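Subject: Handing over a structure

Dear colleague,

I am passing on the structure below, which you have not worked with before, and my notes follow it. Please have the structure open beside you while you read them.

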Amino acid sequence: MTRYILNRLGQSLVLLVLVSMIGFAVLNLAPGGPLSQFALTPGMTQADLDRISAQMGLDRPLIVQYADWFWRLLRGDWGRSFRDGRPVLDVISGHFGATLLLMGTATVISVTIGTWVGIKGATKRYSIFDYAATVGAMVALSIPTFWFGLVAIYIFSLKLGWLPAGNMYTVGDGSLLDYAIHLIMPAMVLALVDVAVWSRYMRTATLEVINQDFVRTARAKGMTQRRVLMKHVVGNALLPMITLAGLQVPTLLGGALVTETVFTWPGMGRLFLDSLGYQDYPVVMGLLMFSAILVLLGNLAADLLTALVDPRIRLT
Amino acid sequence: MSVSATPATRPARSHWWNSRTFRRFARHRLAVLGVVMVVILTLACIVGPYLLPYTDLYIDLRARFSPPLTGYHFLGTDPLGRDLAARLLMAGRISMLVGFAAMVLSTLIGTTIGVVAGYYGGRIGTVLMRFVDSVLSFPSIFLLLALAAFIKPSPIMITVIIAITSWMEVARIVETEVRSLRERDFIVAARMLGLSHRWIMFRELLPNAMGPIIVAATLTVARAILLEAYVSFLGYGIQPPLPSWGNMLNGAQQYLQSAPWLAIVPGVAIALAVTSVNFIGDGLRDALDARSDLN
């Protein structure tokens, strides 16, 4: 087990280095490089630009700049926002909670619904329910998240008036219920794609388990269908799903960006778009790296969890 | 050299519409529906604009915010009084073209990297595939938006950056396929004949990996149309006055109460196009799957 964990940690570190190289390349892609925003300031002369360039260390060889940038990244010094001068990591962490709440709720919704739909589809294969779930999942994957959000706002906020059209809470009312009411619609919208993916994979995983010998044995000894499902099938089918949950992190983060924009949810995605609008490149770069690190951590956690639950993995 | 190009034992095919693959595809009802929908959408976008009384840029000031089915504006008009049907069809040209072109580009990139990584394996393969993993670690919308904000947005650049952020899946699929084909007898034979690496990779391995590539490419079209819609909706994709399905939705949210058709019409178009392409991809996967071919 220790060897497996060390091995997996090593892989993640290698990926982190590669990811940071791509991030650094994107940073240098900005027109005029990291200096672009100073160049726009009126009254800047070339001499001024050269001085800033030297101050920021931009006259050094690219490889030295990269090493320096990566080292500061590791130490948590991610630069300062152009907009308000606050450290980038502080700005990000101020928005991270809202995104985490949204993504967490969406995951709970999609795992619950997706698992149920997947198992039902697998046990009643080729039924109308199974067919409808398959087609429904494919349609759900084809609808742009933001458009689904717009339609939901139109129906539930503008026509029926049941739910608020945006924001995270009503100013002056900070009750838990108020938060919950604001959370429902964006979380459902964000969960849609995930429900589709989760139910598809759950169906396949269940089908794989359901034909195995131990399930037949359980049936043969007279267990009811329900108990066989609960005791032998669901647990085993959920094992590969842990990996899937890790793999869904980038999709969820991307979906959160769009959902947050439509519902004016004060999370990382909104921050990313606002920062793009202000050409606040340190925050943009910070968020790009932050989201990639989240993805790496998500995959790592999923793999370690699978190894913890499933002894077959650690032994090989 | 050309001796090995056509295996002598290949069974004579009659017509392509009699092939097993085609018959299996034709049995997949949703896939056929998808093909019909895509053909209709494509034809409508090519021919439609010539049949409408308005162009996509004509501003009918007296008819601003007309709901659908008023006068000759059968899908209504936008806040400037431009005909929504004309804009929708012109936007369809751009959105579908961007989707298709991005697919071609990303399939080229993905296939090349996948074949090289799978064929050479070893250190080259590992480095390439770790590179694929690391690009996949960025949520594609974040990467796409960052690139789009840095680069001057034109339809060609948008196509390029969509391709840059969506070739990885193809690369993975091709790598797996090639790695399993590499040890097969016909490749060993090709090597013993002394064929060049390039010949083996692109003339022997690639044709045999075509099935999964075609499926992945089809699904990439759907993905690319969606990605274009996302960036354009957020304001960093195709720039007005050039219409695209995504940027038609860009201003729609503020008129959701007064003019909901502005949001509904382009959204339905995107959903229809993407769903149809996904259905086709699903049908192709069933039809081309080599495993179900054995029985």
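In chain A, 38% of the 316 residues count as buried; please keep in mind throughout that this is a predicted model. Chain A has 14 helices and zero strands, and its C-alpha atoms, taken along the principal axes, fill a box of roughly 85 × 55 × 35 Å. Of the contacts in chain A with a separation of 6 or more, 70% are between residues 24 or more positions apart.

Chain B is likewise described by helices, with twelve of them and zero strands, and its C-alpha trace spans about 75 × 45 × 30 Å along the principal axes. Buried residues make up 47% of the 295 residues in chain B, and among the contacts in this chain between residues at least 6 apart in sequence, 70% join residues at least 24 apart.

Where the two chains meet, 39 residues of chain B are in contact with 39 residues of chain A. On the side of chain B that touches chain A, α4 (122-136), α5, α10 and α12 (261-288) each supply at least two residues, and by class that side has 28 nonpolar, eight polar and three charged residues.

One of these elements, helix α5 of chain B (residues 140-150), deserves a separate look, because eleven of its eleven residues are buried and the helix is therefore largely enclosed by the rest of the structure. Its buried residues include B:S140 at one end of the list and B:F150 at the other, with B:F142, B:L145 and B:A148 among those between them. What covers them comes from both chains, and includes α1 (2-29), α11 (249-262), α12 (268-277) and α13 (281-309) of chain A together with α6 (155-164) and α10 (210-233) of chain B.

The crossing of α3(B) and α7(B) is right-handed. On the α3(B) side the residues that meet α7(B) include B:S106, B:G110, B:G114 and B:G118, while those on the α7(B) side include B:M168, B:A171, B:R172, B:E175 and B:R179. Taken by class, the residues of this contact divide into ten nonpolar, six polar and three charged.

With best wishes

How values were computed:
Residues are numbered from 1 along each chain as its sequence is written. Chains are lettered from A and ligands numbered from 1 in the order in which they are written. This is a predicted model: local features need pLDDT of at least 70, side-chain atom pairs count only at pLDDT 80 or more; totals for chains, interfaces and linings use all residues. A residue is buried if 20 or more other C-beta atoms lie within 10 Å of its own, exposed if 12 or fewer, and partly exposed in between; C-beta atoms are placed from the backbone. Helices (H or I, at least four residues) and strands (E, at least two) are DSSP runs, numbered from the N terminus. Two residues are in contact if their C-beta atoms, placed from the backbone, lie within 7 Å. A crossing is left-handed if the near helix is turned anticlockwise from the far one by less than a right angle, and right-handed if clockwise. Ala, Val, Leu, Ile, Met, Phe, Trp, Tyr, Cys and Pro count as nonpolar, Asp, Glu, Lys and Arg as charged, and the others, Gly among them, as polar.
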